[in-house]
Amino acid sequence: MARPRVYVSRRIQDSALRLLREHCDVELYDSECPPPKSVLVKSLEDKDAALILLSDTIDREVLDKAERLRVVSTMSAGYDHIDLKEATARGVYVTNVPSVLTDAVAEFSLALLFSVARRIVEADRFLRRGSWKIAWSPMFMLGPEISGKTLGIIGLGAIGKAVATRARCLGMRVIYFSRTRKPDVEAELGVSYRPLKDLLRESDFIILSTALTPETFKMIGEPELRSMKPSSYLINISRGAVVDEKALVKALKEGWIAGAALDVFEKEPLDPDNPLIGMDNVVLTPHMASATFEARRRLAEKAAENILSVLRGQAPPSLLNPEVMRVKPLEMVKML
Ligand code: DGY
């Protein structure tokens, strides 16, 4: 049988490319930037598999032309950039990599929390622009202590739980909201469930770690932001569209909340004229919560392994559309 043809839509870790090249012919879009849509469509026309990133949209237009495609493997935990329904209808297996970035993202969430609360980025900017004129002053650059404060986590999946574990070690009280209540996790981690409106009212810090779905789209809008404490902070490491960004800008300008730390945005990359850029009470990072050497290497390797599993006729551990097995059983996609 001919070697499977795999498209890799970005320069990724060599170890992952080696895994694929051992068994497949790989076409690499050798760039840091995403391929333009027209290039993606054209490139997938003759491919059996695609390894893509969260900034590559796999929709009906792409899938319509990709008649040979058997598997799409995204090198990310999030998969809101893939039309699962359309992929399933065409018998295309879709996989993600949910678990390997948990620690990296949890660590980064807390780094954001510390940065915004203790004004680290603001202070760094202050010092570099030459504004530090008084050696030490009792009322200067104050921020809230973390210990003893209430952290509200929205979305208690693997990342939410890893954040909760760490926050408990910091002496925080942790409450959470998620679609389903998790009594076993509550007992194990010492966290308590709250309905969303209570969590918004009670929390000193809120971390969003929920997937983007039709239910979570803009779940934090004007009413939710208005119900938060004026001394509270919002941290978003999930997806930008979970927050109504316009309402957030208003909340930050008008002091409904004290600050925000954001790793994700409605539009990425962020426009240079986005009003968030001019705000001192906001920490902004370019969607990099999982950017550790370890997490990104594992992410790339797992994404490659997911492709090989499907091409070997084996269900990968993180199959996002298991219904696809009824549309096209694994024996029919097997090539290795
Ligand atoms: C993901 O994998 O979904 C994350 O957003 C990457 O940082």
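Among contacts in the protein between residues at least 6 apart in sequence, what percentage join residues at least 24 apart? In this predicted model, the share is 60%.

**Overall form**

The protein contains 14 helices and 12 strands. Its radius of gyration is 22 Å, close to the 20 Å that the globule rule gives for 336 residues, so the protein is as compact as a globular protein of that length. Taken along the principal axes, the box filled by the C-alpha atoms is roughly 75 × 50 × 30 Å. Of the 336 residues, 50% count as buried.

**The parallel sheet**

Seven strands form an open sheet with parallel pairing, in the order S8-S7-S6-S9-S10-S11-S12. Its edge strands, S8 (192–193) and S12 (282–284), each pair on one side only.

Strand S6 (residues 150–154) lies between S7 and S9 in that order. S6 is joined to strand S7 (residues 173–177) by five bridges, and the two run parallel. With strand S9 (residues 205–208), S6 pairs in the parallel sense over four bridges. Ile-154 takes part on both sides: Phe-177 stands opposite this residue in S7, and Leu-208 is its bridge partner in S9. Further along the sheet, S7 and S8 are paired in the parallel sense over two bridges, and Tyr-176 has Tyr-193 as its bridge partner in S8.

In soluble globular proteins, nonpolar side chains tend to be buried together. Here the largest nonpolar core has 62 residues, and those with the most contacts inside it are Leu-51, Leu-113, Leu-151 and Phe-205. At least three residues of this core come from each of domain 1 (5–100 + 293–333) and domain 2 (102–284). A second, separate core has 28 residues, including Ile-154, Ile-175, Phe-177 and Val-249.

Leaving aside neighbours within four places, its contacts include Leu-113, Val-163, Met-172, Ile-175, Phe-205 and Ile-207.

Helix H2 (residues 37–44) has Leu-40, Val-41, Ser-43 and Leu-44 as its buried residues. These residues pack against strands S1 (5–8), S2 (25–28) and S3 (49–52), and against helix H3 (60–65).

**Backbone exceptions**

Most residues other than glycine have a negative phi, and most peptide bonds are trans.

| Residue | Phi | Relative accessibility |
|---|---|---|
| Arg-119 | near 60° | 25% |
| Lys-218 | about 50° | 33% |

Arg-119 is in the loop between helix H5 (102–117) and helix H6 (120–128), while Lys-218 is in the loop between S9 and helix H10 (222–226).

The peptide bond from Glu-268 to Pro-269 is cis, with omega near -5°. Pro-269 is placed in the loop between strand S11 (259–262) and S12.

Note on methods. Residues are numbered from 1 along each chain as its sequence is written. This is a predicted model: local features need pLDDT of at least 70, side-chain atom pairs count only at pLDDT 80 or more; totals for chains, interfaces and linings use all residues. Side-chain values use heavy atoms; hydrogens and water are left out. A nonpolar core is a set of buried Ala, Val, Leu, Ile, Met, Phe, Trp, Tyr and Cys residues joined through side-chain atoms within 4.5 Å. Buried means under 20% relative accessible area, exposed over 50%, partly exposed in between (1.4 Å probe, protein chains only). Domain bounds come from an automatic or database domain assignment. Contact means heavy atoms within 4.5 Å. Two strands pair if DSSP finds at least two bridges between them. The radius of gyration is taken over C-alpha atoms; the globule rule is 2.2 Å times the number of residues to the power 0.38.
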